[in-house]
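Subject: Structure handover

Hello,

Here is the structure we talked about. Please open it alongside this note and follow the points below.

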Amino acid sequence: MLKDVTLGQYFPGNTVVHRLDPRTKILLLIFFIVALFAAKGWVGYGVMLLVTAGSMAISHISPKNIFKGLKPMIFIIVFTAALNLFYTDGTPVLPGWPITWEGVARSVQMVLRIVLLIAGTFLLTYTTSPMALTDGMERLLGPLKKIGLPIHEITMMMSMALRFIPTLIEETDKIMSAQKARGADFENGSLLQRAKALLPILVPLFVSSFRRADELAVAMESRCYHGGGGRTRMKQLHFAPRDLWALLLGAMLIAGMFVLRRFGL
Amino acid sequence: MDPIIRFENVHFTYPEGEEEILRGVDLQIEKGSFVAVLGHNGSGKSTLAKHMNAILLPSSGKVLVRGMDTADEAKLLDIRRSVGMVFQNPDNQIVANVVEDDVAFAPENLGVPSAEIRQRVDAALRQVGMYDFRMHAPHLLSGGQKQRVAIAGVLAMEPEVLVLDEPTAMLDPQGRGEVIQTVTRLCREKGMTVVLITHHMEECIGADRLVVMSNGAIVADGSPAEVFSQVELMEREGLDVPETTRVLHELGLPTETLDAESCARLIAEKLR
């Protein structure tokens with residue numbers, strides 16, 4: 001079950017999308033989300049679907065990987081679909097049924113919205129190395145340092161968290177095997193029993209995480225880490241002409257979506 | 001020649017602890033030498049290592065790195081840049097998701113210009129033989145490879161001393177071999193001063209000098225052959241000696257050699 005975690009995964013590549021500046025890609029994702037929420041009618045959703053599919057094709061990310069990322073969200077998606085299906089007023093699909101045509105349309109659109117939202121986010125993390133991503137964020141949020149927000153610290157924490165996801169997954173697997181070897185049962189029993197069975201995994205995981213954090217801090221200090229002041233980067237971010245074009249396209253997408261919205265499409 | 005690291009009557013007690021961990025250590029480490037520090041758990045050898053780059057400061061006494069007192073806050077970065085430290089658990093000292101980004105971490109902290117960081121990272125990765133893995137994710141590497149990446153991460157600071165605190169404790173025999181070979185080569189070919197903290201007797205044989213610690217004090221100090229020849233002392237400390245030394249000792253022969261061939265020659269002469 002733990003092998004399915006796709007959070008923070010990165011597929012190295014050399015496509016245009018991979019080469020875009022991480023700052024551009026973060027901004028594009030924001031543009032994309034704004035445009036997605038501006039979509040109102042089928043035409044709007046259709047355009048967003050095309051844009052997503054097109055971006056996936058350009059960046060060589062297969063739909064399989066996007067669906068893998070959707071798996072943990074399946075509950076929310078089904079729940080949203082059901083809710084919209086049953087609780088939308090309108091003309092019933094069959095006389096006497098609680099399901100309405102409006103409800104069907106609404107739930108399809110809501111599902112589409114969630115799926116595209118997640119797909120867009122994954123497109124960003126799949127094509128941007130975590131280091132570049134946090135670096136881009138630090139630079140984008142940089143101006144907030146002036147009002148005293150600890151931007152460097154926050155982005156450093158993020159990149160450490162991303163770095164340790166695979167390590168902690170590995171460790172969880174190990175602890176689970178150890179507990180299974182001593183007869184622990186994680187698969188059977190009621191939900192409550194299964195939740196209780198997780199406690200002997202969480203406790204050692206917690207304890208070891210604190211020890212890890214301690215050792216990591218000492219190791220970082222030994223490598224002269226002393227906060228964000230005076231740091232340089234090996235890979236400097238370059239804002240190339242293609243970034244400008246990409247942002248222009250993103251802005252056009254938002255404008256287009258709002259125009260479509262005006263006409264109720 | 002002036003020693004690169006000098007301990008002057010160093011005592012150390014943890015602020016909340018009662019027991020003294022270091023009890024008056026005097027030690028000088030010469031530039032370019034390969035010094036192994038041997039001792040079992042709780043002998044204070046890791047505490048000794050952590051004094052070498054000012055992670056711990058002596059309760060009394062002094063530690064000088066290239067003449068700089070480690071208690072001097074203003075020299076902190078200079079000291080840490082001069083003495084690179086590699087720890088036991090490779091997972092807990094790798095900070096990035098890509099090998100080359102991790103190696104770049106220390107020079108980035110030091111504010112080295114980008115182009116120079118690139119050169120240092122490539123050079124460091126070549127020195128430990130991990131250049132071909134520069135784009136890999138660290139968690140997919142073997143233990144020995146991870147530890148070599150950790151060494152490269154320290155080499156990128158261009159330190160004068162490399163201190164390794166039980167770098168092989170969590171590795172399989174193959175990984176252990178990789179790490180010890182890498183470190184030995186760095187010392188012999190690049191003139192790097194190496195301090196290797198370990199509890200594996202075999203890892204000390206190739207060193208220039210062997211320091212044995214017990215109970216917070218140095219109990220033996222000399223060439224590996226000299227130290228191992230004190231078989232009774234080593235046994236009292238619960239430490240192994242090489243098989244060759246043991247055989248020569250039990251036969252009542254001089255134990256000044258660690259080499260299997262010369263050991264055999266000595267026994268042959270005795271038999272004749």
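Start with two helices of chain A: α2(A) and α11(A) are roughly parallel to each other, because angles under 35 degrees count as such and their axes cross at roughly 10 degrees. Keep in mind throughout that this is a predicted model. The helices span residues 22–38 and 241–262, and their axes come within 9 Å.

Which residues does α2(A) bring to α11(A)? They are Thr24(A), Leu27(A), Leu28(A), Phe31(A), Val34(A), Ala35(A) and Ala38(A). Among the residues they meet in α11(A) are Leu247(A), Gly250(A), Leu253(A), Ile254(A) and Phe258(A). By class, this contact has 13 nonpolar, two polar and two charged residues.

Now the sheet in chain B. It is open and has six strands, in the order β6-β7-β8-β3-β9-β10, with mixed pairing. The edges are β6 (83–86) and β10 (217–222) of chain B. Each has a single partner strand, so one side of each is left without a neighbour in the sheet. Neighbouring strands are turned by 20 degrees against each other on average, direction ignored.

Look next at β8(B), residues 193–198. Six of its six residues are buried. Thr193(B), Val195(B) and Ile197(B) point one way, while Val194(B), Leu196(B) and Thr198(B) point the other. In general, side chains in a regular strand alternate between the two faces of the sheet.

The partners of β8(B) are as follows:

- β3(B), residues 34–38, runs parallel to β8(B) and is joined to it by five bridges. Leu38(B) stands opposite Thr198(B).
- β7(B), residues 161–165, also pairs with β8(B) in the parallel sense, over five bridges. Here Leu162(B) stands opposite Val194(B).

One step along, β3(B) pairs with β9(B), residues 209–214, in the parallel sense over four bridges. Val37(B) stands opposite Val211(B) in that pair.

β7(B), α7(B) (residues 173–190) and β8(B) make a right-handed β-α-β unit. α7(B) lies across β3, β7 and β8 of chain B and runs at about 155 degrees to β8(B).

Last, the contact between the chains. It takes 27 residues from chain A and 34 residues from chain B. On the chain A side, α7 (130–141), α8 (151–181) and α10 (199–222) each give two or more residues. The largest share, eight residues, comes from α10(A). By class, the chain A side has 13 nonpolar, seven polar and seven charged residues.

Best wishes

Notes
Residues are numbered from 1 along each chain as its sequence is written. Chains are lettered from A and ligands numbered from 1 in the order in which they are written. This is a predicted model: local features need pLDDT of at least 70, side-chain atom pairs count only at pLDDT 80 or more; totals for chains, interfaces and linings use all residues. Two residues are in contact if their C-beta atoms, placed from the backbone, lie within 7 Å. Ala, Val, Leu, Ile, Met, Phe, Trp, Tyr, Cys and Pro count as nonpolar, Asp, Glu, Lys and Arg as charged, and the others, Gly among them, as polar. A residue is buried if 20 or more other C-beta atoms lie within 10 Å of its own, exposed if 12 or fewer, and partly exposed in between; C-beta atoms are placed from the backbone. Two strands pair if DSSP finds at least two bridges between them. A crossover is right-handed if, with the strands pointing away from the viewer, the path from the first strand over the helix to the second runs clockwise. Axes are lines fitted to C-alpha atoms, for helices over the stretch in contact, and angles run from 0 to 180 degrees between N-to-C directions. Angles under 35 degrees count as roughly parallel, over 145 as roughly antiparallel, 65 to 115 as roughly perpendicular and the rest as oblique.
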